[in-house]
Amino acid sequence: MHSLSSWYEQSEEPPLALHCWEAVPRVRSDSLSSTGSTGRFQLRQRVAELMACVEDISSDEEIQEEVSRTLDEALLILEKKLPPKIKEFRLHLVTWNVGTASPPDDVSSLLEIDNDTAVDMFIIGLQEVNSKIIRFLSDLAFDDPWSLFIMDTLAPLGYVKIACLRLQGLLLLIFVKHQHIPFIQDIYTNYTRTGIYGYWGNKGGVTIRMCLYGHMVCFMNCHLPAHMENSNQRLDDFERILEEQQFDDSVPTILDHDLVFWFGDLNFRIADFGMHFVREAITSDRYSLLWDKDQLNVAKKNEGLLRDFKEGPLQFKPTYKFDRNSDVYDTSGKKRKPAWTDRILWRLKSPTQTTPEEEDAEQMLTVTLDNYRSHMSYGISDHKPVTGTFTVQLKPLVSTPLVTLRPEGEWNADSDGLISYSLTPEFPSSTWDWIGLYKVDFRHTNDYVTYAWVKDDEISFSEEATQVYIGADEIPLEGGEFLLCYFCHNMQSLTGISEPFQIQPGHSLLVKESKSENVAETDWPQSSESHEEL
C-alpha cells in the first residue's frame with residue numbers, strides 16, 4: 001500500500017482530500033507537548049481540522065485506511081499514557097428457591113426490566129429446580145424450562161446467556177448485554193456436592209468465575225443444610241465448598257478473586273426468639289429486633305471466614321416459610337418459624353491478600369449496593385425470591401477486544417462469505433477456536449446459525465489479518481441481519497464480536513417468492529361461480 005506522502009508526490013493534481021490535508025498547517029510535536037491550556041487548545045484545533053477533512057476522503061479507501069491506522073496508533077498511545085476511566089457496571093442478582101415449581105407467567109418485576117436504569121448483567125441463582133430423574137435427564141439433553149423462560153424474557157432486550165451451570169436442583173445463569181461480550185473472558189465453572197456426605201447434589205454450591213474488564217469476579221450459588229440446629233453444618237459445608245473448588249494458578253481459589261458474590265438458600269435461621277415474638281416483629285415492620293439473633297449475622301461476627309463478606313440491611317420480611325400462592329407464613333402442622341434463609345452477600349479481596357503490584361488494581365474496584373429486597377408477589381414456592389442490584393465501579397484493565405473481526409464485502413446467500421479477523425499479540429489462540437454466524441437476537445453462545453474453524457477454514461494469512469470463509473450452502477437462504485463472534489477455546493468465551501451486518505436473500509428464494517406471487521395473482525374461478533356450475 002502506498003503511503004500518503006508518496007501518493008502526493010506522484011500525483012500532479014492531488015484529489016480534494018489531499019488539498020484539504022495540505023491546507024492543515026503542520027505543528028511541531030514539541031509545540032503540542034507544551035503544558036497547560038495552550039497545548040490542549042492546539043490539540044483540539046487539530047482534531048477539529050481532521051473532522052472537517054473526513055467528508056473529503058469519504059470516497060478514497062486507501063487514504064481512509066492509512067488515516068484509520070494512524071488514529072489507531074494515536075489511541076493506543078493515549079490508552080498507555082492516560083489513566084483508565086472509571087466504568088460503572090450494573091448487576092442484578094436473583095436468588096430463589098423455586099420448590100420444584102415451573103416458571104411463573106411473568107418475571108418482569110423480579111428482573112426489574114421496566115426500570116429506567118439499564119442493567120449490564122443478570123445473575124440468576126435458583127435452588128430446588130425440579131430434578132426428578134425423567135425431568136433431570138431431559139434437562140441434560142435440552143435447556144431446562146427455567147433457562148428457556150428467562151432467555152425468552154431477556155433475549156429480545158439484547159441480553160445473551162454467556163454461562164450456565166446445573167447441579168441437580170441448583171441452577172446458575174448469567175446474561176450480559178452484547179457490548180460487554182468481548183470483555184468477559186476466562187469463564188470457568190465448578191461445583192461441590194454436599195448432600196448425603198458429599199455424594200448427592202441436592203445440597204452444595206455451583207460457581208461461575210470470569211474476568212470482567214480485567215478483574216476476576218466469582219458468582220457462587222449455594223443451597224446449604226436446613227433446620228435450626230444445623231448452623232455449624234452450614235458453615236462446615238460452606239468452608240468445604242471454598243476449599244474444594246480450585247481454579248488456575250493465577251486465581252487458585254474462590255477467595256482469591258477480586259470480587260465474590262455469595263448467594264442462595266443459605267438456610268440460616270432466627271435463633272432463641274419464639275414464634276410469637278418473631279411474628280410480632282414482622283407484623284410491626286420492626287425487623288431490626290431480629291437481626292442480632294440471625295444465625296448468619298452471628299457467624300459473620302465470630303467466624304473469620306465470613307468477616308470480609310458484606311450484606312445489605314434486612315429491611316424486608318423473612319422470605320421463608322410461606323404457604324404457596326400466598327403471603328401467609330406457614331400454617332401447616334410444622335409451623336416453621338419465619339427466617340431470612342435467602343441471602344445475597346459480596347466480598348472484595350482483602351488488602352492483606354494483595355501484593356504490592358496488585359494494590360493499584362485493587363483500588364480500581366468498588367461495589368455499591370443499590371437495592372436489596374424480596375418480591376412478595378411471587379407465590380409458586382414456599383420461599384420468596386430476593387434480588388440485589390449493584391453498581392460495580394471499575395477501571396478497565398482491558399479496554400480493547402482481543403479479537404476484531406468483520407465480514408468482507410456484501411454477503412448474500414448464493415455466495416461464500418468471507419471473514420477477516422485479527423488477534424492481539426498476547427491472544428491464546430487454539431486450533432479449536434471458531435467463528436460463529438449469529439442472528440442479531442441470538443440467545444446464548446451455542447445459538448449460532450453456522451460456524452467456521454479458524455484453522456481448517458482459513459484461506460489467507462498475513463501479519464495484519466487472517467481470512468476464513470463460510471460456505472454458501474451454510475448461509476441462511478432467507479438472509480437477514482447477523483453478527484460474527486469469535487469463540488476462544490482456551491478462554492471458554494466469546495472474545496470478539498462484529499458490528500451487525502446484512503445478508504441478502506438467495507436467488508432461489510427470490511425466484512420462489514416471485515412464483516408464489518404470480519400464482520396468487522392468477523385469475524382463478526371464484527368459489528361462488530363453482531357452486532353455480534354445480
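Guide: Two rings of Phe, Tyr or Trp (for Trp, the six-membered ring) count as a pair if their centres lie within 6.5 Å; planes under 30 degrees apart are stacked, over 60 edge-to-face, and the rest tilted. A search of the whole structure gives 26 aromatic pairs. The model is predicted, so local features need pLDDT of at least 70 and side-chain atom pairs pLDDT 80 or more, while totals for chains, interfaces and linings use all residues. Residues are numbered from 1 along each chain as its sequence is written, and side-chain values use heavy atoms, without hydrogens or water.

Visitor: Why are phenylalanine 89 and tyrosine 213 called buried?

Guide: Buried means under 20% relative accessible area, exposed over 50%, and partly exposed in between, with a 1.4 Å probe and protein chains only. Phenylalanine 89 has 0% and tyrosine 213 has 5%, so both count as buried.

Visitor: How do you know that the pair of tryptophan 434 and tyrosine 448 is edge-to-face?

Guide: The ring centres are 5.2 Å apart and the planes stand at 70°, so the pair is edge-to-face. Tryptophan 434 is in strand S15 (434–439), and tyrosine 448, 14 residues away, is in the loop between S15 and strand S16 (450–453). Tryptophan 434 is buried at 10% relative accessibility, whereas tyrosine 448, at 30%, is partly exposed. Both belong to one aromatic cluster, whose members include Trp432, Tyr438 and Phe487.

Visitor: Why does lysine 177 count as lying over the face of tyrosine 159?

Guide: The rule asks for NZ of Lys or CZ of Arg within 6 Å of the ring centre and within 35 degrees of the ring normal. Lysine 177 is at 4.7 Å from the centre of the tyrosine 159 ring. Lysine 384 lies over the face of phenylalanine 322 in turn, at 5.0 Å.

Visitor: What makes a set of residues a nonpolar core?

Guide: Its members are buried Ala, Val, Leu, Ile, Met, Phe, Trp, Tyr and Cys residues joined through side-chain atoms within 4.5 Å. The largest core has 56 residues, and Phe89 and Phe261 are among those touching the most other members. Strand S3 (159–167) gives the largest share of this core, five residues. A second, separate core of 22 residues includes Trp411 and Ile475.

Visitor: Which peptide bond is cis?

Guide: The bond from tyrosine 320 to lysine 321 is cis, with omega near 5°. Lysine 321 is in the loop between helix H12 (295–302) and strand S9 (342–348).

Definitions and conventions. Helix = DSSP H or I, 4+ residues; strand = E, 2+ residues; numbered from the N terminus.
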